[in-house]
Amino acid sequence: MSEKLILDGNVVANAVKDELRGRISALKEKGITPCLATILVGDDPSSATYVRMKGNACAKLGIESRKIHLDKQTTTEELLATIHSLNKDEKVHGILLQHPVPSHIDERKAFEAIEIEKDVDGVTSFGYGQTALGFGKYPSCTPAAIMKIMEHYNIEVNGKHAVVVGRSPILGKPVSALLLNKDATVTTCHSRTVHLENHVRQADIVIAAVGKPNFIQGEWIKPGAVILDAGYNKGNIGDVDYEACLEKASAITPVPGGVGPVTISMLLKHTVDSAEAAIGE
Ligand code: NAP
């Protein structure tokens with residue numbers, strides 16, 4: 001059996017964070033502390049955990065995190081007012097509205113209210129459009145993480161056939177755009193795709209972004225394919241049937257410890273990028 005490359009997200013995340021330390025120190029010498037504002041609406045325990053993890057990651061690196069926790073009865077207008085005030089606050093460099101918000105809130109309207117300069121999580125349609133056109137500063141963090149992992153491990157994208165399973169606005173669609181911009185030939189599959197497995201069978205690169213545990217089967221994988229599993233399901237289970245796919249793949253991300261840690265490091269990077277941009281660097 002040929003050597004398998006396990007794409008270790010913690011290694012990549014640490015490399016990203018190491019690169020940020022000096023930049024954060026340089027900003028602090030100029031009296032600027034990069035600051036990420038996180039907004040959590042309601043009391044969904046998973047969302048609270050995600051926000052806490054992001055806050056802890058900021059703290060470890062010396063990035064300020066301003067945590068705004070709004071009651072689950074918050075109206076769209078109240079949430080918009082919070083976002084507007086963060087947009088105006090010069091000390092805040094990035095705004096993250098934790099998805100999902102309670103269903104009575106117009107989440108899309110709230111995302112769109114985030115100023116493009118502070119859209120470090122890549123949730124606005126403006127940011128998505130810029131990403132698709134190839135000059136977006138802050139693509140969504142999970143797509144950015146997937147690209148970063150391939151860059152770190154020198155995985156060739158140019159000319160390869162990438163099959164993305166999933167087309168959500170924060171994951172499948174933007175990662176398809178980023179791959180296309182790196183000269184991959186991209187197939188994007190979704191719940192209405194017919195004979196999905198036949199598309200996956202042709203893939204040099206498989207991106208799993210479905211939200212269904214162990215969905216991608218080993219027998220669908222072309223020998224030597226590279227697999228990036230963005231899935232994160234209950235019980236720390238990815239969207240890829242890991243052991244079966246490992247047999248066929250040349251490289252694969254584990255879950256946990258694959259795409260997840262790099263996603264957080266990209267959020268930190270975008271916040272530092274935004275703090276530098278705010279002073280014209
Ligand atoms: P989502 O919004 O639920 O989108 C899922 C996508 O998968 C949709 O486009 C859907 O197609 C498609 N899909 C569903 N069932 C399918 C099927 N049977 N065959 C083919 N396609 C199917 O989920 P998401 O937010 O993109 O997240 C996807 C996964 O990534 C989840 O496990 C999530 O937890 C994980 N995630 C991880 C991170 C991280 O940091 N690691 C960040 C974000 C998300 P339709 O469009 O046709 O409905």
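What follows is a short exchange about the sheets, a pocket and some backbone details of a predicted model.

Visitor: What makes β5 and β6 paired strands?

Guide: Two strands pair if there are at least two bridges between them. Strand β5, residues 161-165, and β6 share five bridges, in the parallel sense. So the pair meets the cut-off of at least two. For a residue-level view, His161 stands opposite Thr185 in β6.

Visitor: Which sheet do these strands belong to, and in what order do its strands run?

Guide: Six strands form an open sheet, in the order β1-β9-β8-β7-β5-β6. The pairing is parallel.

Visitor: Why are β1 and β6 called edge strands?

Guide: β1 (5-6) and β6 (185-189) each have a single partner strand, so one side of each has no neighbour in the sheet.

Visitor: How do you know which way helix α7 runs relative to β5?

Guide: Angles are taken between N-to-C directions and run from 0 to 180 degrees. Helix α7, residues 172-181, makes about 170° with β5.

Visitor: What makes up the lining of the second largest pocket?

Guide: A lining residue has an atom within 4 Å of a pocket point. For this pocket, 19 residues qualify. Ala144, Met147, Glu151, Leu178 and Lys182 lie nearest its centre. The space in the pocket is about 530 Å³.

Visitor: Which helices supply the lining, and which gives the largest share?

Guide: α6 (141-152), α7 and α10 (259-278) each supply at least two residues. The largest share, five residues, comes from α6. By class, the lining has eight nonpolar, six polar and five charged residues.

Visitor: What other annotated domain is there, and where?

Guide: The unreviewed UniProt entry also gives "domain: Tetrahydrofolate dehydrogenase/cyclohydrolase catalytic" for residues 7-121. Over that span the chain is 50% helix and 16% strand. The end C-alpha atoms are 23 Å apart.

Visitor: Why are β3 and β4 the edges of the three-stranded sheet?

Guide: This open sheet has the order β3-β2-β4, with parallel pairing. β3 (64-70) and β4 (94-97) each have a single partner strand, so one side of each is left without a neighbour. From one strand to the next, the twist averages 15°.

Visitor: How do you know that β2 pairs with β4?

Guide: Strand β2, residues 35-41, and β4 are joined by four bridges in the parallel sense. Pairing needs at least two, so the two strands count as paired. Thr38 stands opposite Leu96 in β4. Helix α3 (residues 76-88) packs on this sheet and touches β2, β3 and β4. Its direction makes about 175° with that of β2.

Visitor: What makes the His99 to Pro100 bond cis?

Guide: Its omega is near 0°. Pro100 is found in the loop between β4 and α4 (107-112). Another cis peptide bond joins Val255 and Pro256, with omega about 0°. Pro256 is in the loop between β9 (251-252) and α10. Most peptide bonds are trans.

Visitor: What makes Asn154 stand out?

Guide: Most residues other than glycine have a negative phi. Phi of Asn154 is near 50°, a positive value in a residue other than glycine. Asn154 lies in the loop between α6 and β5.

Definitions and conventions. Residues numbered from 1 in each chain as written. Predicted model: local features only at pLDDT ≥ 70, side-chain atom pairs only at ≥ 80, totals over all residues. Heavy atoms only, no water. Contact = heavy atoms within 4.5 Å. 1 Å grid on protein atoms, 1.4 Å probe; cavity = no way out; pocket = protein on both sides within 12 Å on 5 of 7 lines; lining within 4 Å. Points joined across faces, edges and corners; volume = space filled by probe spheres on them. Nonpolar A, V, L, I, M, F, W, Y, C, P; charged D, E, K, R; others polar. UniProt positions renumbered as here; feature names shortened; annotations may be inferred.
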